[in-house]
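Please walk through the model below with attention to its backbone, its strands and its helices. The paragraphs that follow take these topics in turn.

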Amino acid sequence: MRGPLYIRDFKCIASRCQHSCCIGWEIDIDSATLEKYKQCDKERGSRLCESICLGTAGEACFRMGDGGRCPQLASDGLCEIIKALGEEYLSDICREHPRFYHECDEEAEVGIGLCCEAAAELILTSDGWGELVPIASGEGDTDTDAGYASQRTAERRDNTLADCASAEGFSASRERERLYCLLGDRRKELDERLDELRKIAGIDEDRIRDKILSVLPALEYLDGEYESLLTLALRRGAGALYDEYGERALAYFIFRYVSPARDKEDMLSRLRLALGLEKMLSSILNMPTIVDKYGVFECARKLSEEIEYNEDNIDILRFALDG
């Protein structure tokens, strides 16, 4: 399995997290972990089972407490299960979050999601986003050493573009590499690089904006004010996203959405989605309330939480941008 180089530096910040994934989310429990809980000693097992809600089809999740808190979240912000039993007793979703998985040309890949504040900061501050390295399953660290990835040179970039142009047959990884090469060409301003990518996708910036505005009322939001914020941001005009953040954000969206493409048409559709998400983020970052890098990280996290982590929202946006 492989993933972006920066994944090896990812660590959960636990009690220091301002937006805990243990609050406000329904936390599912897989069947194997549920059996582990049932096999715990009587006192611990009873307490665990009392905090679990069982569905009619046998599905299980933790019963939310006050403020939407997981009942296993201690007052110090740490997990009672980890403290008492160890990480091996975490359910799959708790152990894996914020990782996501897909296949690119039948090879397994892993990434970390922008909705996690630690991941958002890492994604938006890390270079080497185009370097994919071996990743140990379920871990943040790579199997490789720090010297694995070398800086991409202009010669390598130009050779890759030429190879992609001449290669026969569809390869999602090859297409992704071509997009990465265009995106990472810092001899050009970011706006120019974005125009080149939009040209490949067959959509211009104004159309992206108009298509997104047309479907904002149809999206679902956790924050009731978020639709108004997006509408205002998109109508303000071109975003003022700093080049370094814009490049890294779009690289993340390309990795997450373009990589699983099955054919050229699917790839172009996924690229339009990635460009649409970048447009939403850059527009929000043009708001006067964003004054420092931490505001940038929070805006990216919030967009991911509101839009990315709702599959219906992603489907609506993709359908609109394809229209």
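D105 counts as partly exposed at 37% relative accessibility, where buried means under 20% relative accessible area, exposed means over 50% and partly exposed lies in between, computed with a 1.4 Å probe on protein chains only. D105 lies in the loop between β5 and β6, and its phi is near 55 degrees, a positive value in a residue other than glycine. E106 is found in the loop between β5 and β6 as well; its phi, near 70 degrees, is likewise positive in a residue other than glycine, and at 75% relative accessibility E106 counts as exposed. Such values deserve a remark because most residues other than glycine have a negative phi, and most peptide bonds are trans. The peptide bond from H97 to P98, by contrast, is cis, with omega near 5 degrees, and P98 lies in the loop between α4 (92-96) and β5.

The model is a predicted one, in which local features need pLDDT of at least 70 and side-chain atom pairs count only at pLDDT 80 or more, while totals for chains, interfaces and linings use all residues. Residues are numbered from 1 along each chain as its sequence is written, and side-chain values use heavy atoms, with hydrogens and water left out.

The protein has 14 helices and seven strands, these being DSSP runs numbered from the N terminus (H or I over at least four residues for helices, E over at least two for strands). Of its 323 residues, 47% count as buried. Among contacts (heavy atoms within 4.5 Å) between residues at least 6 apart in sequence, 70% join residues at least 24 apart.

The pairing of β2 with strand β4 (residues 60-62) is antiparallel and runs over two bridges, and the bridge partner of I29 in β4 is A60.

Turning to the helices, α7 (residues 172-183) and α12 (residues 264-284) pack at an angle of about 40 degrees with their axes 11 Å apart; the axes are lines fitted to C-alpha atoms, for helices over the stretch in contact, and angles run from 0 to 180 degrees between N-to-C directions. The crossing of α7 and α12 is right-handed, a term for the near helix being turned clockwise from the far one by less than a right angle. On the α7 side E175, R178 and L179 take part, and they meet K264, M267 and L271 in α12. The residues of this contact divide into three nonpolar, no polar and three charged, where Ala, Val, Leu, Ile, Met, Phe, Trp, Tyr, Cys and Pro count as nonpolar, Asp, Glu, Lys and Arg as charged, and the others, Gly among them, as polar.

Two of these residues are also partners in a salt bridge, since R178 and E175 have their closest N and O atoms 3.0 Å apart; the term requires a side-chain nitrogen of Lys or Arg within 4 Å of a carboxyl oxygen of Asp or Glu. R178 and E175 are both buried, and being three residues apart in helix α7 they are separated by about one helical turn. In helix α12, D266 forms a salt bridge with R270, with the closest N and O atoms 3.1 Å apart; these residues are four apart in the helix and are separated by about one helical turn. D266 counts as buried at 5% relative accessibility, and R270 counts as buried at 14%.

A salt bridge between E205 and K279 has its closest N and O atoms 3.0 Å apart, and this pair links distant parts of the chain, with E205 in helix α9 (residues 205-215) and K279 in helix α12, 74 residues apart. E205 is partly exposed at 28% relative accessible area, whereas K279 is buried at 5%. A search of the whole structure finds 28 salt bridges.

How values were computed
Two strands pair if DSSP finds at least two bridges between them.
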